[in-house]
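Here's a quick walk through one protein model, written for someone who would rather look at the structure than at tables. Have the viewer open as you read.

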Amino acid sequence: MYDSHIHSKNSHDSKQSLDDICITAINKGLKAVSICDHADGGLSIQQDTVNNIKNCIEDVKEARKKYGSELKIIQGVELAEYLYDIKNSDIVLGLCNYDIIIGSVHTVITEEFTDSYSRIDFSEKLPEDRIHFFLKTYLSRMKEMAEKTDFDVLAHLTCPIRYINGKYGRNIDIMRFEKEITDILEIIISRNIALEINTSGISETSVDGLLPNREIVSIYKKMNGKLITLGSDAHVSQNIGKGFGIAKEMLKNEGFKEYYYFEKRRPFPVSL
């Protein structure tokens with residue numbers, strides 16, 4: 001298995017070392033891990049993003065020396081909100097020749113919303129129409145990123161649903177935004193950007209919680225989308241490769257024959 005989205009202690013929300021990651025991945029039989037620590041444009045200063053990614057790069061070099069004969073360790077970065085802070089984002093991009101750049105959106109800045117969706121209170125106190133507004137704005141930011149920025153993999157397309165429905169139980173149907181989602185898929189297909197199947201919201205027994213969901217993956221397939229990566233988005237070592245068996249079975253049922261990992265910013269197929 002190839003896990004193309006893992007965080008280390010060099011992300012603000014993880015404490016796991018590269019040793020923990022590599023030992024766990026080896027014990028689970030993975031062939032490769034992509035270390036994609038956070039570089040959030042909207043929080044470049046608060047999170048000391050540049051120095052964190054510098055540390056990540058050094059940690060990956062050391063880990064390759066220790067574990068390279070047993071595990072492929074791929075240097076990546078999760079670049080979020082590039083357009084919020086182009087200056088510091090470009091500094092991050094210039095730190096090394098990455099193997100994989102993941103593009104994502106965590107924070108939607110409006111008069112009403114100013115923080116990451118993981119920290120927004122989506123409880124019953126927030127009217128449903130405001131959640132719809134948030135999701136429409138979020139998807140517009142995703143589309144802008146897909147159109148204007150340089151990256152290899154679109155991460156967790158529907159991630160806010162993990163919090164809106166998963167944490168707060170709001171039962172919002174993301175497919176009311178099918179047109180917006182289809183527009184994003186069309187852009188990434190035209191630009192040869194991969195769609196990530198993120199398993200961070202999945203249980204070990206159900207396909208529910210995949211980001212994006214099966215219905216969106218089916219749309220992507222019908223649009224002739226081919227490039228798929230699998231990412232656990234693991235912030236703790238026990239979640240590395242989490243739910244990949246279920247995700248792979250879903251992909252096979254949708255007609256996919258392979259998924260991909262990236263090296264030197266080129267996609268390489270892995271048979272399902």
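## Before you start

Keep in mind that this is a predicted model.

Let's begin with strand S4, which covers residues 100–104. Five of its five residues are buried, so the strand is largely enclosed by the rest of the structure. You can check this face by face: Ile100, Ile102 and Ser104 sit on one side, Ile101 and Gly103 sit on the other, and all of them are buried.

Which strands pair with S4? One is S3 (residues 72–80), which runs parallel to S4 and is joined to it by five bridges. If you want a spot to look at in that pairing, find Val77, whose bridge partner in S4 is Ile101. Another is S5 (residues 153–154), also paired with S4 in the parallel sense, here over two bridges. In this pairing, Ile102 stands opposite Val153 of S5.

## Helices H4 and H5

Now turn to helix H4 (residues 128–148) and helix H5 (residues 160–167). They pack with their axes 11 Å apart, at an angle of about 160°. Angles over 145 degrees count as roughly antiparallel, and H4 and H5 are therefore roughly antiparallel to each other. Their crossing is left-handed.

So what meets what where these two helices pack? From H4 come Ile131, Phe134, Leu135 and Tyr138, and from H5 come Pro160, Ile161 and Ile164.

His235 belongs to the loop between strand S7 (228–231) and helix H8 (244–253). Leaving aside residues up to four places away in sequence, His235 touches His7, Asp13, Ser14, Lys15, Gln16 and His38. Ser200 is 35 residues from His235 in sequence, and their C-alpha atoms are 9.5 Å apart in space.

Is Asn52 buried or exposed? Its relative accessibility is 18%, and the cut-off for buried is under 20%, so Asn52 counts as buried. You'll find Asn52 in helix H2 (residues 49–67). Not counting residues up to four places away in sequence, Asn52 touches Asn10 and Gln47.

Methods
Residues are numbered from 1 along each chain as its sequence is written. This is a predicted model: local features need pLDDT of at least 70, side-chain atom pairs count only at pLDDT 80 or more; totals for chains, interfaces and linings use all residues. Side-chain values use heavy atoms; hydrogens and water are left out. Buried means under 20% relative accessible area, exposed over 50%, partly exposed in between (1.4 Å probe, protein chains only). Helices (H or I, at least four residues) and strands (E, at least two) are DSSP runs, numbered from the N terminus. Two strands pair if DSSP finds at least two bridges between them. Axes are lines fitted to C-alpha atoms, for helices over the stretch in contact, and angles run from 0 to 180 degrees between N-to-C directions. Angles under 35 degrees count as roughly parallel, over 145 as roughly antiparallel, 65 to 115 as roughly perpendicular and the rest as oblique. A crossing is left-handed if the near helix is turned anticlockwise from the far one by less than a right angle, and right-handed if clockwise. Contact means heavy atoms within 4.5 Å.
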